[in-house]
Amino acid sequence: MAGPKARDRRNMADEALVRSLFNEHGKAMLGYATRLTNDRAAAEDVVQEALLRAWRSPDSLVNSKGSVRGWLLTVVRNIIIDRARARNARPTEVAESPSTVPVESDHADRVVDTMVVLDALEHLSSEHREVLEQMYLQGRTVGETAEVLGIPTGTVKSRSYYALRALRDFFPKRPTGMEGAA
């Protein structure tokens, strides 16, 4: 176990190593990173990360078979590649605002609307409900509905009128913004 003086010497040596690496290779690292990223601020972050990695593994610098600059530039390139892969790994997020529509619409409103309509249909007589189901859910015309249900077309028209009127009374009035307009 190293004593406090040994740790201080090691920290000073590590700091000196990073300083000398930056003084000797920092300009080349920054130029290379800037060329790869086309962004000076991002390049500075990459150089800082590369120096941090050098500080964490000083043995790689001393015991490497290649040049120190080559090792540092390889680290710079790898950091840039890793960041690009991380960006491409997930889609870009777009803030939702009133002017931007979500990529996938929320189906919750449709579910609630369906539940409310089905509940309202339960309050109708079976004759009125059958007519509305044929015309609006099955998409049949008045004549087709009359044929399917075996009733005259006039009866279909009458039942649909009264069924829709009953549904309208079932739902609460919603303000339209037109109140008070003359």
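A pocket is an open set of points, on a 1 Å grid over the protein atoms alone, where a 1.4 Å probe fits, with protein on both sides within 12 Å along at least five of seven lines; its lining residues have an atom within 4 Å of a point. This is a predicted model, in which local features need pLDDT of at least 70, side-chain atom pairs count only at pLDDT 80 or more, and totals for linings use all residues. Residues are numbered from 1 along each chain, and side-chain values use heavy atoms, without hydrogens and water.

**Exercise 1.** Determine which helix gives the most residues to the lining of the largest pocket.

*Solution.* Step 1: the lining includes Thr-114, Glu-133, Leu-164 and Phe-171. Step 2: helices H5 (108-122), H6 (126-137) and H8 (153-170) each supply two or more lining residues; helices are DSSP runs of H or I, at least four residues long, numbered from the N terminus. Step 3: H5 gives the most, with five residues.

**Exercise 2.** Describe the largest nonpolar core.

*Solution.* Step 1: a nonpolar core is a set of buried Ala, Val, Leu, Ile, Met, Phe, Trp, Tyr and Cys residues joined through side-chain atoms within 4.5 Å, where buried means under 20% relative accessible area (1.4 Å probe, protein chains only). Step 2: the largest core has 16 residues, and Met-29, Ala-33 and Val-76 have the most contacts inside it. Step 3: helices H1 (4-37), H2 (40-56) and H4 (68-89) each give two or more residues to this core, and H2 gives the most, with six.

Key: Buried means under 20% relative accessible area, exposed over 50%, partly exposed in between (1.4 Å probe, protein chains only).
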